[in-house]
Amino acid sequence: MSTSASPSGPTPAEPHGDIAVGTVTDRLVEANKRYAADFTDPGMDARPVLRVAVVACMDARLDLHEALGLELGDCHTIRNAGGVVTDDVIRSLTISQRALGTRSVALIHHTTCGLESLTEEFRHDLEMEVGQRPAWAVESFRDVDQDVRQSIRRVQTSPFLLHSDDVRGFVFDVKTGLLREVAPA
């Protein structure tokens, strides 16, 4: 077993509190045991209290609940690379609206996103490496504001969504923590 740290592989055993664990996932499982020891069922419904769905980038620098003043149960949170509105995001938003009562959509991209440095060449490189081209698009972009506008349009024009009148897009500044609203096209 390798002892070098790797995002996908084993990491050296590190003390975390009074428990030493092997992999990052082992640490997560141990943390869950501590969490569950004091957990009580909040008695919530799956329907978000604020009737809002937030679509955001998966970037680890975005603590959405803290940044938006949200509590457990307030919203549905849908995250992916770039916060891009893809077919799967439309799927999740459709379920969120039609089955679970959300009415508003907040789209949150951010400054210095990793998708700004990728291209569709990434798919070609994957095909060369594994022998199969991914069915999905990278959805890279150069202009974060334009990508927010495109995401707004995708939500507003989806035939599957019941509520597209309250769709707003923002760019989160990772240096200041502030949201900046992007006007639709």
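There are zero disulfides in this structure, which is a predicted model. The chain has 185 residues, and buried residues make up 33% of them. Five helices and seven strands form its secondary structure. The largest pocket has a volume of about 310 Å³.

**Cysteines**

- A disulfide is a covalent bond between the sulfur atoms of two cysteines.
- For Cys-113, the closest cysteine sulfur belongs to Cys-57. The gap between the two sulfurs is 4.2 Å, which is too far for a bond. A disulfide would need the pair within 2.5 Å.
- Cys-113 is buried because its relative accessible area is 6%, and under 20% counts as buried.
- Cys-75 also falls in the buried class, because its relative accessibility is 12%.

**Overall fold**

- Along the sequence, the order of elements is β-β-α-β-α-β-α-β-α-α-β-β.
- Contacts between residues 24 or more positions apart account for 58% of those with a separation of 6 or more.

**Strand S3 and its partners**

- Is strand S3, residues 52-57, enclosed or open? Six of its six residues are buried, so the strand is largely enclosed by the rest of the structure.
- S3 pairs with strand S4 (residues 75-80) in the parallel sense, over six bridges.
- S3 also pairs with S5 in the parallel sense, here over five bridges.
- Ala-56 shows both pairings. Its bridge partner in S4 is Arg-79, and its bridge partner in S5 is Ile-108.

- Strand S6 covers residues 167-172 and strand S7 covers residues 179-182. The two pair in the antiparallel sense over four bridges.
- Phe-172 has Leu-179 as its bridge partner in S7.
- Six residues lie between the strands of this hairpin. Gly-177 takes a positive phi near 80 degrees there.

**The largest pocket**

- Rolling a probe the size of a water molecule over the atoms shows where empty space is left.
- The volume of the largest pocket is about 310 Å³. Its lining has 18 residues, and the closest to the pocket centre are Ala-81, Gly-82, Leu-115, Ala-137 and Val-138.
- By type, the lining divides into 11 nonpolar, five polar and two charged residues.

- Leu-115 is in the loop between strand S5 (104-110) and helix H4 (121-130).
- Is Leu-115 buried or exposed? Leu-115 counts as buried because its relative accessibility is 6%, and the limit for that class is under 20%.
- Leaving out residues up to four places away in sequence, Leu-115 touches Ala-81, Gly-82, Val-84, Val-138, Glu-139, Ser-140 and Phe-141. Among the residues closest to the pocket centre are Ala-81, Gly-82 and Val-138.
- Leu-115 and Cys-57 are 58 residues apart along the chain. Their C-alpha atoms are separated by 9.9 Å.

**Ser-96 in helix H3**

- Ser-96 is part of helix H3, residues 87-98.
- Ser-96 is buried because its relative accessible area is 2%.
- Which residues does Ser-96 contact, leaving aside neighbours within four places in sequence? They are Ala-53, His-76, Gly-101 and Thr-102.
- Two of these contacts tie in with the strands described above. Ala-53 falls in strand S3, residues 52-57, and His-76 falls in strand S4, residues 75-80.

Key: Residues numbered from 1 in each chain as written. Predicted model: local features only at pLDDT ≥ 70, side-chain atom pairs only at ≥ 80, totals over all residues. Heavy atoms only, no water. 1 Å grid on protein atoms, 1.4 Å probe; cavity = no way out; pocket = protein on both sides within 12 Å on 5 of 7 lines; lining within 4 Å. Points joined across faces, edges and corners; volume = space filled by probe spheres on them. Nonpolar A, V, L, I, M, F, W, Y, C, P; charged D, E, K, R; others polar. Buried < 20%, exposed > 50% of the residue type's maximum accessible area, 1.4 Å probe, protein only. Contact = heavy atoms within 4.5 Å. Pairing = 2+ DSSP bridges.
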